[in-house]
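I opened this notebook to keep track of what I looked up, entry by entry.

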Amino acid sequence: MTETAQEQMAKLRTNHNVRLVILSTKETVLCLFGDIKDDKDIVVGYKMLYPFSLSLGEVNEDGTIPITYSRWCPYTPVQEFKLNGEHIVSVTFPDDGILTNYVGELAQYG
């Protein structure tokens, strides 16, 4: 790992359960992420709370790329979705800027 990569890792906040979830449909979803366990404490599925679909816009003149946030499933007022592991490709922490924006979106829900 280079020194720059180590510096970036130090700036990444990880004391939360906000995750970027890449689904088998190739969607990137930003959400509060957790697992679902049975009576024997075995993981049987996963849940996404307050999910937002992320997409990239066109590159700006300054080289930055805007990120668009939209409700993942706007067809229901329910904001908790359960899924099995077969539909998940990857789960990781978001960039601090994305995390800050998401926390602002969550503030609307109380």
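**Entry 1, strand pairing.** I started at Phe52, whose bridge partner in β4 is Arg71. The model I am reading is a predicted one. I then looked up the strands around this pair. Strand β3 covers residues 43–56 and strand β2 covers residues 28–37. β4 is made of residues 67–71, and β3 and β4 pair in the antiparallel sense over 5 bridges.

I followed β3 to its other partners. With strand β5 (residues 80–83), β3 pairs in the antiparallel sense over 4 bridges. Here I noted Leu49, which stands opposite Glu80 in β5. With β2, the pairing is again antiparallel, over 9 bridges. On this side I picked out Asp35, whose bridge partner in β3 is Tyr46.

**Entry 2, the turn.** I asked how many residues lie between β2 and β3 in their hairpin. I found 5 residues between them. Asp41 sits in this turn, and I noted its positive phi of about 65 degrees.

As a reminder to myself, side chains of opposite charge can pair when their charged atoms come close. I searched for salt bridges and found 1 in the structure. Asp41 came up again here: its side chain meets that of Lys37 in a salt bridge, at 3.7 Å from N to O. I also looked up the accessibility of both residues. Asp41 has 53% relative accessibility and counts as exposed. Lys37, with a relative accessible area of 42%, is partly exposed.

A disulfide is a covalent bond between the sulfur atoms of two cysteines. My count of disulfides came to 0.

My last stop was His16, in the loop between α1 (3–11) and β1 (18–23). His16 counts as buried because its relative accessibility is 19%, which is under the 20% cut-off. A polar atom of the His16 side chain lies 3.1 Å from the backbone nitrogen of Val18. I then set aside the neighbours of His16 within four places in sequence and listed its contacts. They are Phe93, Pro94 and Leu99.

Definitions and conventions: Residues are numbered from 1 along each chain as its sequence is written. This is a predicted model: local features need pLDDT of at least 70, side-chain atom pairs count only at pLDDT 80 or more; totals for chains, interfaces and linings use all residues. Side-chain values use heavy atoms; hydrogens and water are left out. A salt bridge is a side-chain nitrogen of Lys or Arg within 4 Å of a carboxyl oxygen of Asp or Glu. Buried means under 20% relative accessible area, exposed over 50%, partly exposed in between (1.4 Å probe, protein chains only). Two strands pair if DSSP finds at least two bridges between them. A disulfide is a pair of cysteine sulfur atoms within 2.5 Å. A polar contact is a pair of N or O atoms within 3.5 Å; within protein, one must be able to donate a hydrogen and the other to accept it, and residues adjacent in sequence count only if both atoms are side-chain atoms. Contact means heavy atoms within 4.5 Å.
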